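The sequence and structure come before the description.

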Amino acid sequence: MTRGGRITGLALIAIVVLAFAVDAAAQPDRRGGRERGRRGGAGRLRMMLPVEQTLSFLAFDAKIALKDDQLIKVRNALMEIHGQRAELQKEMRNGADRQQIMEKLGRLRGSMFEKVKTVLNDKQDKILDDYLERMRRGFQRGRGGGRRGGGV
């Protein structure tokens with residue numbers, strides 16, 4: 001076989017392997033369509049129960065100014081919630097009833113903020129409430145609940 005033939009053969013093999021890899025990565029979801037990234041299904045639970053964002057905000061926002069002992073307590077509470085959210089994601093991926101998942105998510109969200117707020121003082125609690133309100137408005141805007149700017 002000539003050198004050009006070998007290169008062409010290897011290129012063909014690479015193209016076939018790549019085609020199978022792409023097809024395997026884009027398996028259809030339960031509705032028959034293709035998954036649309038992490039925002040659909042279980043990934044949406046991360047947006048609706050922002051454990052990591054809440055911890056980051058509390059840990060790094062200078063206005064909150066958590067003391068070290070408060071940070072440890074918040075972290076422990078959020079670790080527990082993080083684990084419970086992972087269980088809900090697993091249930092959702094396994095085809096659990098969406099309505100039941102949303103009800104559990106609502107209870108878990110309430111529990112998360114209840115646990116966090118027991119650690120905060122009144123000033124910190126108010127700052128967290130303002131942050132959560134900004135997040136809620138941003139989430140609604142992202143879902144078509146509002147529009148930025150003027151325009152047509």
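## Basis

The expected span of a helix is 1.5 Å times one less than its number of residues. Helices (H or I, at least four residues) and strands (E, at least two) are DSSP runs, numbered from the N terminus.

The model is predicted: local features need pLDDT of at least 70, side-chain atom pairs count only at pLDDT 80 or more, and totals for chains, interfaces and linings use all residues. Residues are numbered from 1 along each chain as its sequence is written, and side-chain values use heavy atoms, with hydrogens and water left out.

## Helix H4

Helix H4 covers residues 68-93. Its 26 residues should span 38 Å at 1.5 Å a residue, and the 37 Å between its end C-alpha atoms agrees with this. Just after H4, Gly95 has a positive phi of about 90°.

Buried residues (under 20% relative accessible area; exposed is over 50%, partly exposed in between; 1.4 Å probe, protein chains only) in H4 are Gln70, Val74, Ala77, Leu78, Ile81, Arg85, Leu88, Gln89 and Met92. Met79 also lies in H4 and counts as partly exposed because its relative accessibility is 47%.

## Nonpolar core

A nonpolar core is a set of buried Ala, Val, Leu, Ile, Met, Phe, Trp, Tyr and Cys residues joined through side-chain atoms within 4.5 Å. The largest one has 23 residues, of which Leu49, Phe57, Leu58, Met112 and Leu128 touch the most other members. Helices H3 (51-60), H4, H5 (98-117) and H6 (122-142) each supply at least two residues of this core. H5 gives the largest share, six residues.

Leu49 is in contact (heavy atoms within 4.5 Å) with Ile81, Arg85, Leu105, Leu108, Arg109 and Met112, leaving out residues up to four places away in sequence.
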